[in-house]
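Here are a few friendly notes to read alongside the model. They begin with some backbone details and then turn to the ligand site.

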Amino acid sequence: MCDTQEGGTVLWLRRDLRLRDQPAWRAALEEGGPVWPVFILDSLIEETYGAAPKWRLGESLRSLASSLKKQKSRLVLRSGDPLKVLRSLIAETGARCVVWSRLYDSMSIGRDKETRSGLNAQGIKVLEVNSSLLFEPWTVATQQGRFYGVYTPFWNAVQHRDIGQPLGSPGDLSPPDNWPASDSLSDWRLGAKMGRGAAIVSRYANVGEHAASERLDRFIVRGIGSYKSERDYLGLDSTSKLSENLTYGEISPRRLWYAAQNAMEGKRNAEVSYFLREIAWREFAYHLLYHTPRIIDKNWRSDWDNFPWRDDNEDAEAWRRGMTGIEIVDAGMREMYTTGTMHNRARMLVGSYLTKHLMTGWWVGEAWFRECLIDWDIASNAMGWQWVAGSGPDAAPYFRIFNPELQAKKFDADRRYRDKYLAEGRRPPHPNALNYFKAVPKSWALTPGQTYPRPIIDLSTGRQRALEAYRQYRNK
Ligand SMILES: Cc1cc2nc3c(=O)[nH]c(=O)nc-3n(C[C@H](O)[C@H](O)[C@H](O)COP(=O)(O)OP(=O)(O)OC[C@H]3O[C@@H](n4cnc5c(N)ncnc54)[C@H](O)[C@@H]3O)c2cc1C
């Protein structure tokens, strides 16, 4: 326990921007002194977050600050090196303890280790807790004590674990009498790189803890009972859409898990259990990120290191702009630019198309998703891209190339998804499809009245090229 006799606790919030089921808040309050919640904009955020995640972070901070205000607390905003910022806050407040929720990527782990040592060295105690995962990476191991590199055994190892009950919201946030100065959120200009996209994406974002809870409740009532059967259909609104909330910690995975397990009582279990499996995919991504940090920037399977993937190129630019001429691919890319998220099946499709038909490295797609997704998650994005490309864990064999046309026939038979995100030739176009043209940079010179492009590559030619490259590579 922290020794708070001299004056309370600084709660360093990061990707845990909520009050309910928030162990870091609980730990800070249990220390008994006043609690100063702070968010620090540091170089790691500046350098790793793309335009949309940064903008969405700002929205989340605004929402949390407003919730704290209602409970007579505040969110102190500071920027700079976390150790320096925390030292200065300690000097200003007299706090003797700092609490934060753990993060699992190597850059954050390194930063946190340095921060903890620096604080400990001046006699400040540090408490690190888990607020973001159901199963922290080191708590799941094979019989040989190794990490899991394949999903199904990982799932088997965790599916029956007791995760405990979610915590309630703290009633009294133990606000101090004196508040240190705070930066102003608008001065941080977190949305600056979004350009005109921010106004459009904000129409689709579901920001904050309250909105996340409502979304979960709705999904449990209306969606979870048919989740397994419907989740792959692109035109249906059948998944939880909670990823953006999980990303910023506006809701805990434990609440999703717990709600789904309760729903098992009254619903078709196979449907619900599939949802639990998907939540566990997020856990698996963090398991891999922690044990194999290279997953974010190197081929997870090093035998892919010399595969002749192309770096960024003109075809990839057409892909980014939703102008490949393959409708289902372009619909996915435009969905992402317009709404800040993309249906999971579309993510797999556009990923397969980029890495196989266009023979472009997964890192090009990973970077664009990091730029555009409001649910950007360092672990799930890296795992998703490497999975799709074939270089990652649990990946489908490379020669299993998604056929966009067959996928469209199967998962968008009524064209609802394509009509929702493509304007060209539709009379009248769907409002979402039109919004795409309002969101993209003017320099792209795209208009809804333009002619839809011809395919930049014939699908069977692209497929043959990819298979041939794979065959040659394997033969080497
Ligand atoms: C190339 C690629 C990139 C991806 N990038 C991201 C990303 O940056 N952020 C992100 O949250 N997800 C990412 N995913 C996973 C998945 O597409 C999204 O989590 C899902 O579409 C979110 O929608 P939902 O909340 O409605 O999910 P639901 O179907 O309702 O699932 C519930 C939750 O389970 C988790 N989940 C579901 N599927 C996966 C999966 N395949 N991998 C990991 N977790 C999963 C998510 O936290 C999700 O919110 C990526 C997948 C691929 C193929």
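Helices (H or I, at least four residues) and strands (E, at least two) are taken from DSSP runs and numbered from the N terminus. Please keep in mind throughout that this is a predicted model.

1. Let me start with Arg189, which sits in the loop that links α7 (185-188) to α8 (197-201). Its phi is positive, about 50°, even though the residue is not a glycine. Is Arg189 buried or exposed? Its relative accessibility is 59%, and the cut-off for exposed is over 50%, so Arg189 counts as exposed.

2. Asp21 is worth a look next to that. Here too a residue other than glycine has a positive phi, near 45°. Asp21 belongs to the loop between β1 (9-13) and α1 (23-30). With a relative accessible area of 2%, Asp21 is buried, since buried means under 20%.

3. Pro428 lies in the loop that runs from α20 (416-421) to α21 (431-439).

4. Now for the ligand. How many residues surround the ligand? The count is 26, and the closest are Tyr227, Thr239, Ser240, Lys241 and Asn344. By residue class, the shell divides into 13 nonpolar, seven polar and six charged.

5. Glu278 places a polar side-chain atom 3.0 Å from a nitrogen atom of the ligand. Arg347 has a polar side-chain atom 3.2 Å from a ligand oxygen atom. At Asp377 the backbone takes part instead: one of its N or O atoms is 3.1 Å from an oxygen atom of the ligand.

6. On its own, the ligand has 820 Å² of accessible area, and the protein covers 94% of that. Which elements give two or more residues to the shell around the ligand? They are α11 (243-248), α13 (269-291), α16 (344-357) and α18 (378-389).

Note on methods. Residues numbered from 1 in each chain as written. Predicted model: local features only at pLDDT ≥ 70, side-chain atom pairs only at ≥ 80, totals over all residues. Heavy atoms only, no water. Near = heavy atom within 4 Å. Polar contact = N/O pair within 3.5 Å; in protein donor to acceptor, adjacent residues only side chain to side chain. Areas by Shrake-Rupley, 256 points an atom, 1.4 Å probe, with all protein chains shown as cover. Nonpolar A, V, L, I, M, F, W, Y, C, P; charged D, E, K, R; others polar. Buried < 20%, exposed > 50% of the residue type's maximum accessible area, 1.4 Å probe, protein only.
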